[in-house]
Every structure is written in structure tokens, then in C-alpha cells.
Amino acid sequence: MQNRWTAFALRRGTRLIISLWVLVSAAFLMIHLVPGDPVRAMLGPTAAPALVDQTRENLGLNDPLWEQYLRFLRGLFTGDLGTSITMGLPVSEVLAARLPNTLTLGLLGFVLAICLALPVGATIAVATRKGRRRGLELSFASTSVVVATIPDFLLGVALVAIFGVTLELLPVAWTGGAESYVLPVIALAAGPAAVLSRIVRVELLSTLDEDFVRTARAKRLSSRRIVLRHALPNAVTAALTLGGLMLGTLVASTVLVENVFAWPGLGSTVVGAILGRDYPLVQAIVLVYGTGVLLVNTLVDVVLALLDPRSTIGDQ
Amino acid sequence: MTELRIEKLTVRYGRGPSVHTAADEVSLTVPASQTLGLVGESGSGKSTVARAAAGLVSADSGTIKLGGKPLPRRGLRPVQMIFQDPRSSLDPRMSIGESIAECLPSRFSRSARRSEISRLLDMVHLDPTRRGARPPELSGGQLQRVAIARVLAARPAVVVADEITSALDVSVQGAVLNLVRELQTELGLSLLFISHNLAVVRYVASQVAVMRTGRILEAGPADQVFHRPQHSYTRQLLDAVPDTLRSTP
Amino acid sequence: MRLLTVLRTPMGVVASIILVLVLLTAIVAPLLWNDAAEARNTANLNSGPSAEHPLGTDVLGRDLLLRTLVATRLTVLLALGATGVALGLGILFGAAPVLLGHRAGRLAVSAVNIAVAFPGLLLALVLALILGVGELSAMWAIGIAGAPSFARLCQTLVASVAERDYIAAARLAGKSRFRILLRHVLPNIAEPLIVNATIAAGAALLAFAGLSFLGLGVQSPSYDWGRMMMEGLDRIYLNPIAALAPGVAVVIAGLAFNLMGEALARSLSTPRIPVAWGMRPRRPYPQKAEERGDGEPADHLAGPGHADSSEPAGPAAYPEAVLTLRDLRVSLPGHLGCLTPVRGISLRIAPGEAVGIVGESGSGKSLTALAAAQLVEEPLAVRAATLKFCGADLMLRPQSTRDRSRYQRLLGRSLAVVFQDPMTSFNPTMRIGAQLVEGMRFHDGVERSWAQARAVDRLGAVGIEEPERRAAMYPHEFSGGMRQRAMIAMGLMGDPQLIIADEPTTALDVTVQKQVLELLDEVRSASSVALMLISHDIAVVRQVCDRIAVMYGGRIVEELPADRLAEQAQHPYTRALIAAVPDMNTDLDEPLATIPGRPVDLSQRSAGCPFAPRCPLATQRCHEQDPALIPAGDSGGAHRVACWHPVVDAGRAALAEADRSAGEPASAEGSELS
């Protein structure tokens, strides 16, 4: 038993470290992949050659590549991520100020999506099993497709137009108060919740057709117990495997939603940074988002391992 | 026809601590124009030996020689294989004629192909006019005949048959076994016949080998293995066969 | 083309109409209104909806409705372009394992596994920085960002096709990897790829709108819906429609693609009958009965009525049987008429008796077992004149919840069921011990520790060593034979009167099969439990059972004491079944006896005896009238047969046998093709 868990931790840990290394290296290489001269691209064709040289020197782009790479890695461990060009502040300060806002938004969206998807998906699955209530099934299918199709930023805009502008019930942008969280969290969670509830439904339906559910029925347990004790735990493991990836994209969705609600997080910062070619800042933000996604995926795998004893053995 | 000689064949799957030796120094000979029956339970490695003999799995060590020469690695293979599940061994999107044509040697001209396909279908007792039928239209027993026709199209030196009746209903199994026996004698095929069912192997094979956990435990003429088994496992297997249904003659 | 069947579903029709409208707009709108959409009305800047401008105007006084329509083309083109990039890269990486072989293929798989974890938008942001901001770089960015999930899908699909034996056969035919990919792999994964490409086009459209909305996609003076939304957001207080209208367009176009994908996915994977039965078919690819339906009226399919009235046989000495079935029918209502896989089974099992049910696939034997165990689920329906278990009439719908729970408790305690596949019949996320005690704790509410002790005791009783340690293990830590033992132990937790075992040894090896059969026999004799053993293997059934019922085409065609099977079976099917199975005494110089024709097809049933089309003795009467199951001459009711021409004397039997082998068995099966 102990052995299996160590093997699992080792395997999963190795994968996390490799992924992190790929992420860090990609973030580092980003600036070097820009066609032509990245500094010229940043400052524009009219900038004075002296300024271009100076900026290149400041960014350390004149050093050998491996030296830059080592410096970049060292910076990651000491917290020195360079200076933002557009803001003139150390990147670490920008992150410290803005990351918490993004993190709260993302976490709340994540929790809301799961809290909606599980009960809705499970209820619909049980109610529409074996072709019963075709009407309900069809309306759930179409509603969820529609909700999943509405992009989060459009939902944000619509919510602003309705609750902010017309009804004047809720703030249209960030105020710092709890009420300013309502609209962005809904905008963020609605799409993932729709997709996730569909996955939960499909997985629960296929689990209810499994042989072991028939075994449970042969024990003449109540259908409530069969669903909750036998089907749901197995369906959730499958739903999480698929849904875990999707929850990763929720982290990225914060970028769009933050822009709609003028949210002082990383998402509203990154667009300006890209347009202004603020390389150090973009690098840092990409690293933060990427790490967030990787951590979410690892967390999902750990939860899976706790739920399903089989997943700690075998490959991948 | 040619003799197939497998010597000290070892096949491993996986790496590191999870390595699994599916075939462990297996030595077998399929004599020319005879049938060697290979018996074993699930996990015994018999399918691995089958796939290695056909060249579908590469050996970690050991040699497989056909008439004294190593197996060729490209072109139409001289060792052909019939698989367990005929619905998996025929492309559902190809007509049965096309599937058979795929195995014909390239020397056949267009018109010669047509008549050859008809001849082969006739040989396995299927109506040649149905060459355009697709696999979902045929029953399991019919498909297994198509699979046999396809193998014959390749003019094989040796045929490997891996559990070819275990996916079929009993009422159809007999017809396929009859066909295999009939063709084996008629064409003088060298046949490696693999099954978990001792009675089936007894019916088609003149030589028998018994396999368990990747090793050959016992091999010899069918008569000897079935009536004077040397290994305790062989006796155990024979013991597990249900009693005869018919009144003894 | 199977894809066109989507047009027969309401969702498919709706999706097609919207999709066609969107594509038409994309083609036509720029031709008609390109100039009008650029025309500036300086007198009417930033106006709200009016008669002249139904959606209002933008900063430069341009008409928003026309601009929204004209923008369709660029939006759709960019989305399709991005989908093409994703699909192309996805197939390239997805097919790598087939094209490059194992080692390089594994590398491609792990690369995709890492890439797929990163969200597309993030990748798009990075690429926007590298390639610069613009519509083409955004298209590449979204395409590349979508590629990993396509590659993952392709790899899964390719892997499932690659392990098919026809790929191995093509390799043995000497075909190149590229040819195998083109000829065998791609055609067989095309359908799911098309479905997913449709959905991906919708996703690309939304992602593009997102990028343009952020200002990282389409740049001025070009415009797409995303960009229009960004421009509209600034003035949301003045004219919310300016931001919402292009958004609605995005949703409509995205819906067109997504609904289409959803409808395609539904119409391509319509559930098949065996799935609905909730059974694992023994054969990997069960015949799809519903696809060959000829729409005969339901009553006709249900068979004649006279067979129903016959009394079940069985020792009359037991006035109260453990299980009594009279005229049991299981039917499947469908659009082709009602199929009746089980039609009129009558059977009685006495306490301590072992009864075997034998039949081929499609004979209805497993459904009979499930119906007897009250485990048949919708849409299948069970009807019976009598279905009694331990004196309780199970066809009576319990009126009160108390009655209901009494029934459930009776069944839970006294009826044990052993299923075919021990690998899948245990809940993989629960410990074996917990699964054993569950039923007892639920029905009797006994103490956990007491139940646990009983579970350990029962595991020991079925020959599992170290039962205490084993009870704490998960199913995947057990071998197949051990799981089947544990399944039997689970049945013995209560106070079983009957064990229904549905193909309990089919998934097991012969040596393990023998042990499990012996265990069932021991259990039966030790506690005088009755046994209903279902199997396709007549030899297995004869070994264990006192009485054997042979099923064909949903009916019992013969029922006889096991010791009469070898010599005195009267139904031609029973005799053929016995003759067709090779055993250790089969004459090696003779061809095996065979049964011509193909197994019974549920949807094509005639009025006559179900075996008539394959029977060498069949006459006109056999094809027209279904024989009733009636006592055979000398047996005193213990032997019953449903046949117009039962094989009674040894001479007739020999004749029938000779007929069959002379009739060139192989060609007989082949001839049905012509």
C-alpha cells in the first residue's frame, strides 16, 4: 500500500517537474522567438539606435543564451523577475498586487462551476435514464449547448448591461466589495458549469449501465443508495479526468472576464503588456497562469487517486 | 510447404520493475505440412508466440526460422495469421473482396484478381457473387471463412490460427474446424493452431505443445500428450475438460 | 453517407438551417453591403437604434447592422482557418505512433500529454506576443492552441483502430505504414473526427471573438464580431445594443457549429439493443437485431398462445417450488414493432435442485435469468402468468412501501446472483468486505462488526485464504477466479434459497472454471440451495445440473433430466448441439457435425418453430406452426420437448445425423448467401 503511493507520488511529481521545466523554458525562449529584433519590435521603427542598444543591454539580451537562461532561473528562485517596461515597477511587485484578485476570482468561479455541475448533471442523468422524460433530456441538452456557447466575456457584457446599466443592482466594475464579485464569478462559471454538468450526466449514465451497478441492484439496495454509493463515485472519477482539463481553461478565462469588469488582476494587465511588448511582465504572467493550470491538474490527479484505488497503479 | 522453427524465443513487455516476460525461451517446431497445436490458458503467452511467429511482435532474443531462413521483414509475409475475432480482423469499411485482394501477390493482373477472389471464396464455401458484401452484413462464421480465404490468398508457407473458434457459437464452430482440417490436408498447409480448448486442439493437431506462464511445459505427438501426459499441469488441464456428452462408441 | 442521417433528427434540422443561414450570410453579405457598411454618417455618430439604423451607429456613424452582417465572412473564415490548422497538426501528431513506430510515437504521445494541459488562450497570448498582433497570427495562434486536444483525440482514436486485427493483417500483407494509415486507419476514424472538427470550429469562433475583443485579434480597419464588441463595450452606457448585437451573432454562429456537432454525435452513436439490455455480450460484436427489422406486427412476433398454458415440469413432490415461472415473456418495444427475445418460458425449480439453461447467443437464456431475478430494466418489459419466488408472487406490484421493502428484503437475502464477468461485477472503488456486508446491513441493519465477521467467515467458506486480509482489499487486487468466489460468498451472506448464475465461468480459464463449478456444487449440497445455471456450454451444464432446459429463439425447446441428455434427447437442435461440440473422444476421421444456417435473428421470426430454417427434419408444418412444449412419451412428465418431429428412436437419430453430414455442412451455411 505504502509502496503504491510512493510510486504514484514519484511518477506524478516527475511529470509536474518536467511540465514546469517546459513551461519555464518556453517562457524564457518566448522573447528569443520573436522574428527579427525583439527590442526593435518593442520600441518601434522610429526609436533611436542608442535607446535600442541601451534597452537591449538592460534586458541582458547581449549575453550568451545559456547565461541568460541561468540568470532567468536564478531570478525565479530569488523572486527577481526583472522590471516591467510599461509600468516601471519590479515585476514581482506587480504580481503581488494583482495576483490575489485573479486568484480569488478564479477560485470562486471554480467552486461555483463544480457546485452547480455535480447536482444538476447527476439529477438529470437519473431523471432521464433509459430514454425517460425525453422532453427534459432534450431541453437540458439544448440549454447546456447554448450556455456553453455563450462566451464568458459576452455573458459578462450582457450581465453588465442588464444588472449594472439597466437595473443598476450590481456594480459594473471592480469596487473591491463583495458585491462586485457576483457578476464576474457568474460570467466565469456558467460555461464550465454547463460543459461539466453534461460530462457528469454522460458519465453517470454510462456508470449506471456498468455490471457492478447491476450487482448492487441484485443486493436490492434502494436506488438512492445505488446512485450515491456505487454509481456517483465512479462517475465522478471519470468526469474529473475529463473535467480537470477544462477547469484549467477556467484559469485562462479570467483574462477575458477581468477585461470586461476592469478587474485589477493579471488578466487586465497581460493585454496591455502584450500590446506594449513588455517582455518581462508577459513572461512572468504566463509563468503564473501556466503554474496555476499545472497545479490544478495535479490536484485533480491526487483527488482521483484518493477516490479510485486503481489509479495509483499502472502507467499514466 | 515449409517448416517453421522457433528457438529460444523470449518476448518481454514493459520496462524496469514492471517488465513482464510473455514468452520465456520458447522453442517450437511446426513441421512441414502438419499441424502443431499450442494449448494454454489466458496469460500463458500463447498469443505472444503466435504474433512473434507471424512477425507482428519483435523478439527480445531467440530466432524464428522458416525453412532455415530468417523471416522477411517486408512485402507479403510468408507466415500469415487468422485471428480470434473475425469482426476485428476485417476492415468494416472494405468489401470482403477488397480485403482478400489486399493479400494477393502483386503478380496477379486485374482480371486474374477477380477470378482468384472467386476461386478463394468458393474454396471456403462462400458464394463468390457476394464479394462486394461488407463485414457487418455477414455472420461471425461467414466472416471467419473470409479471413481464412484472405490468408490463403497470400500463398502462405505457414498459417498461424489464434483461437479462431472461441468467438463463435458452438453451432458454427464445427463448420470452421471442418474447413480448417479440410484445407490443411488438401493444400498441405503447415499450421500453428492455438487454442485454450483441448478437445478442439485434439481434433485438428497432430503435434501438441502445452504452455504456461511463458514457458513450454510439454510437447510431443498429440496422442502421447493427451494419453500419456508427462507434466502435472497437462494432467490438470485434461482433468478440467468436461466429460464427454455422447455415449462412448 | 451515414452523416446525412443527422437530417432526420429535429436537432439536426435546426442546426443545419442555422448553419446554412450563417454560411449564406458569410458569402452574400460582403458582396451586397460592403460599401454601405463603410459609409460614414457624420450627422449620426454613436446613435442608438432608429428606423434608419436598426442597431444604431458606431463612432464614425457607420451602420451597425450592416457591419455585423458583413463581419460574418471574416469571422467564419478565420474560425475555419484556425480549425483547419488545429485539425492538420492534430492528425499529424495523432498519427505519429502509426507512421513512426513505437519509440517515436511514444515521444509524440508524451509531448501531446504535456501540451494539452496548457489552456489554448494562454498559448494564443504567447503566440500573439511572438508573432505580433494581427488576424493571421491570431488564426495560427488559435489553431496551434487547439492542436493538442485534437492530437490527443486522434491518438486515442488511432490507438483504438491500430489494435484491431485488420491492421495486423494489413501489415502481414506487406502494406506500408502510410498506406495502412490512408486505407484503414483514417476511414475508420473519420466520423468522430468530423464531429469534433465541427465542435472545434464553434470553439475557434468563440476563441477568436475573445482575442479580437481583447484587441489582440483582428486590427482596424478590418473588423470581426469580437472587435465590434470591444468597440461597443466602451459605449455600453450609451447603446448596449452596440456591444450585444455582435455578441448575439457570435452565439448564433457558435451554436450552429456546436449544435451540429451535438446532433452528429447523437445520430452516429444510437444505442444498440444489447446495450439497452444491460448485458455484456459474450461475442465481442453482437448482431444488431434492430437494424434488420422487417416490421412484423408485434403479436405475430410474440408467438402462438398455445405454448403458454403448459404446466412447468419438475418434481411434483415439492408442492412449493423455490422459483416458478409460467409463460414468462420479455419484450422490447421499438419503432420496428415489439421484439420479444423471451417468449413464453415455463420452468419450476424445487428446493435444492440444480437446473441448467443452455443456448446460443440470442436464445434469450440470460434475459430469462435476469427476468427471474427481477433485474430486467427498461425499456425491456417482463410479463408472466406466474413469477413466484419462495411463495411470494413477484408479478404483484407491491402496494405499500412496507410491502415493497419486504419484497426487496426477501430477494436480497434469499436470492443470490452470480454474473458472467467477475472483473466488472464488483465496484472498483469499494473494498471487497464492504461490498459483502452492504446488502445485509441495508436490509437487516445488523452491527457493522458482526456483519464484517460474517463476511470474513463467508470468504473463508468459499475457499479464499487469509479472508481477513482479503476482505480489506479492493477488487482489482483479486484474480478472476477469486473474484468469482467472492461473488458467490456475497450471495451466501444472507440465507439464500436460490443462486442464479449467469455464465459464471465463461470469462474464466478451464482449470479455474472447474474449481468454481465444484464450489457451486459444494454450496448447493452443503446448504441445499437451488441453482439456476445459465451457460452456452452444454457440457458444463450437464456436469453440474439435475435438469437441463435447452433454449432456442426465446423458447425452451426441450427440457430433460441431465442423465437423459446423451441418449434420449429428442429435439433435433439438442441432438445437433451435442454432436457439434468436439470432446476428447470425437472421432478424428470424421468431419464434425454442424448446424447449417445462421443463428436466430430476433427481428425475422416466422410463425413456425424457430429452429425450422436450420432443421434437417423440418416439414411444411414446422414452418407454419410453433410446436408446444409437451411431455415426451415415456418420461412421466420429467422430459418435455417442443417439436413436431421429435427424434425418438436410435434409427431416426442415426438417419438425421447421416443427413446432416452428407448435406455438405459448410456449403449449407454458405448457401444462405446466394
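Reply: A salt bridge is a side-chain nitrogen of Lys or Arg within 4 Å of a carboxyl oxygen of Asp or Glu. This is a predicted model, in which local features need pLDDT of at least 70, side-chain atom pairs count only at pLDDT 80 or more, and totals for chains, interfaces and linings use all residues. Residues are numbered from 1 along each chain as its sequence is written, chains are lettered from A and ligands numbered from 1 in the order in which they are written, and side-chain values use heavy atoms, with hydrogens and water left out.

Me: Which residue of chain C meets the side chain of A:Arg198 in a salt bridge?

Reply: Between chain A and chain C there are 5 salt bridges. In one of them, an N to O distance of 2.3 Å joins A:Arg198 to C:Glu262.

Me: How many residues does each chain bring to the contact?

Reply: Contact means heavy atoms within 4.5 Å. By that rule, chain C brings 78 residues and chain A brings 73.

Me: By class, what residues form the side of chain A that touches chain C?

Reply: Ala, Val, Leu, Ile, Met, Phe, Trp, Tyr, Cys and Pro count as nonpolar, Asp, Glu, Lys and Arg as charged, and the others, Gly among them, as polar. On this side of chain A, the classes number 16 charged, 12 polar and 45 nonpolar.

Me: What percentage of the residues in chain C is buried?

Reply: A residue is buried at under 20% relative accessible area (1.4 Å probe, protein chains only). Of the 674 residues in chain C, the buried share is 56%.

Me: How many helices and strands has chain C?

Reply: Helices (H or I, at least four residues) and strands (E, at least two) are DSSP runs. Chain C has 13 strands and 25 helices.

Technical notes:
Buried < 20%, exposed > 50% of the residue type's maximum accessible area, 1.4 Å probe, protein only.
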